[in-house]
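Student: I have a model open on my screen and would like to work through it with you. Could we start with the backbone and then move on to the spaces inside?

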Amino acid sequence: MATFGLAVILLTTILLHSSESAKNYGVALAKSILFYDAQRSGKLPANNPIHWRGDSALHDCVVGGWYDAGDHIKFGLPMSYTATALVWSLVRFKDGYQRAGQLNQMYDMIKWPLDYFLKAWRPAQNELVVQVGDTHDHDVWGRPEDMTMNRPCAVVNTAHKGSDIAAGTAAALAAGSIAFKEKGDTAYSDQLLSAAKSLYAFAKAHRGLYKGASEFYDSSGDKDELCEASAWLHKATNEAHYLADARTFVEHEAAWAYSWDDKQVACHLLMYEETKDNQYKNLVTSFFHDWMPGGSVLYTPCGLAWRDKWGSNSYAGNAAFIALLAADDGINSAAYRKWATEQINYFLGDNHHNGGCFSFEVGYGSKYPLHPHHAGASCPDRPAPCGWPQYESTAPNPQVIQGALVGGPDQHDNYHDVRSDYVQNEVADDYNSGFQGALAGIVHLQATNSLPATNNKCPCNA
């Protein structure tokens, strides 16, 4: 009996450790949705789940949308990229959101930027609002609810070009039309599709990159956005001229990354889905030849695919999302699913920072960033004042910005949880986009009993 009792205790201990070290991808997904809820600008709805956020920027030229990062500017290029990636995850991995109990929350969250884009595009005037606020925002540290500075409005039109942002926004609207058609909201879907068509036509007819006086996000080209928009419009309408357009915008070389400035790998994958032409499949596999071990992308000792010091986590998360989409299309499915899941596991604890089991997603697990570079989260509850003393404070943020993925470590896995370190510790809309999409893809794999076995280099054994 003593031997049997010892065996039961040992088995229970093993199971407990296994349970504790396992990743709860559904919880991580739910928290990422909360991050976007915390980024909302405008008049907040009655179901606002973020207790420390209130109405803000009610006098903007276009009210609503998301604040870009830890600041309070609204940028059209990264916001449209982010919305497109998130809608893509909803269209493809809807069952992942459903299994995580987050489907309604996702529809509610993603409608916020889509509503903003509808208001920002004025087809009768051929005018799209692409930015609200400017660099003066960075002269102030505090809550968005307390802003008093001037918030200028930047637009693109027939005289001031911005086909990159216009086409990127059209892609988000077209993808959104598919998501809400599948939801059964045909009126809203039709509204999104109509706007996507007219905005795409405007972008195609008035080529030229947006160059604003304070646009922090300068695009390197517009072919990727035009390809993405026309491909999504083909998915939404099945009209052949959109696919013909997309073919003209494809760049026939492997992309460097998937990001707000480079959607070519998304274009390649969408084109493969629409045509089943192996030339596009080969561009996708060439992309991952660079990204997977042995390619040009560096790896940290614990196994993070490290593309760049700015948003190192974001680049890896975005690539993981594309890998899961490609795998779902039948491209190197086993290898890509394993690699993508291992990248997400790194974020959620399979690393050696702070003794191991550290989550780079704020609020997930027992160890995570306490000082993310985010102005609103650094402020105490109102009516207490908030300013530069809170920026300089070494105390943890009073508000936990649940679900935010911080910029990430250096190429040696070193990370500094310091509020002033905006390279490693800022949070941003685009940082969470691929990460959340990959989480939905992984929960989809769980729902279909397809989750791969993984072998992370620095596994969490708590």
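Predicted model: local features only at pLDDT ≥ 70, side-chain atom pairs only at ≥ 80, totals over all residues.

Student: Where does Asp 413 lie, and what is its phi?

Tutor: Helices (H or I, at least four residues) and strands (E, at least two) are DSSP runs, numbered from the N terminus. Asp 413 sits in the loop between H14 and helix H15 (422-425). Most residues other than glycine have a negative phi. Asp 413 is not a glycine, yet its phi is positive, near 75°.

Student: Which loop holds Lys 276, and what is its phi?

Tutor: Lys 276 is in the loop between helix H10 (264-275) and helix H11 (278-291). This residue is not a glycine either, but its phi is positive, at about 60°.

Student: What is the omega of the peptide bond from Arg 382 to Pro 383?

Tutor: Pro 383 belongs to the loop between helix H13 (333-347) and helix H14 (388-392). Most peptide bonds are trans. The one from Arg 382 to Pro 383 is cis, with omega near 15°.

Student: Why do the buried residues of H11 lie on the same side of the helix?

Tutor: The buried residues of H11 are Tyr 280, Leu 283, Val 284, Phe 287, Phe 288 and Trp 291. They are on the same side of H11 because they cover an arc (of the directions from the helix axis to the C-beta atoms) of only 135°.

Student: What do the buried residues of H11 pack against?

Tutor: Contact here means heavy atoms within 4.5 Å. The partners of these buried residues are helix H9 (240-249), H10, strand E5 (298-299), strand E6 (305-306), helix H12 (312-328) and H13.

Student: Which element gives the most to the lining of the largest cavity?

Tutor: On a 1 Å grid over the protein atoms alone, a cavity is a set of points where a 1.4 Å probe fits but cannot get out, and lining residues have an atom within 4 Å of a point. Strand E1 (74-75), helix H5 (103-120), strand E3 (127-132) and helix H6 (163-183) each supply at least two residues of this lining. With four residues, the element that gives the most is E3.

Student: What is the volume of the largest pocket, and which residues are closest to its centre?

Tutor: A pocket is an open set with protein on both sides within 12 Å along at least five of seven lines. Grid points are joined across faces, edges and corners, and a volume is the space filled by probe spheres set on the points. The largest pocket comes to about 710 Å³. Of its 32 lining residues, the closest to the centre are Tyr 217, Trp 310, Tyr 422, Glu 426 and Tyr 431.

Technical notes
Residues numbered from 1 in each chain as written. Heavy atoms only, no water. Buried < 20%, exposed > 50% of the residue type's maximum accessible area, 1.4 Å probe, protein only.
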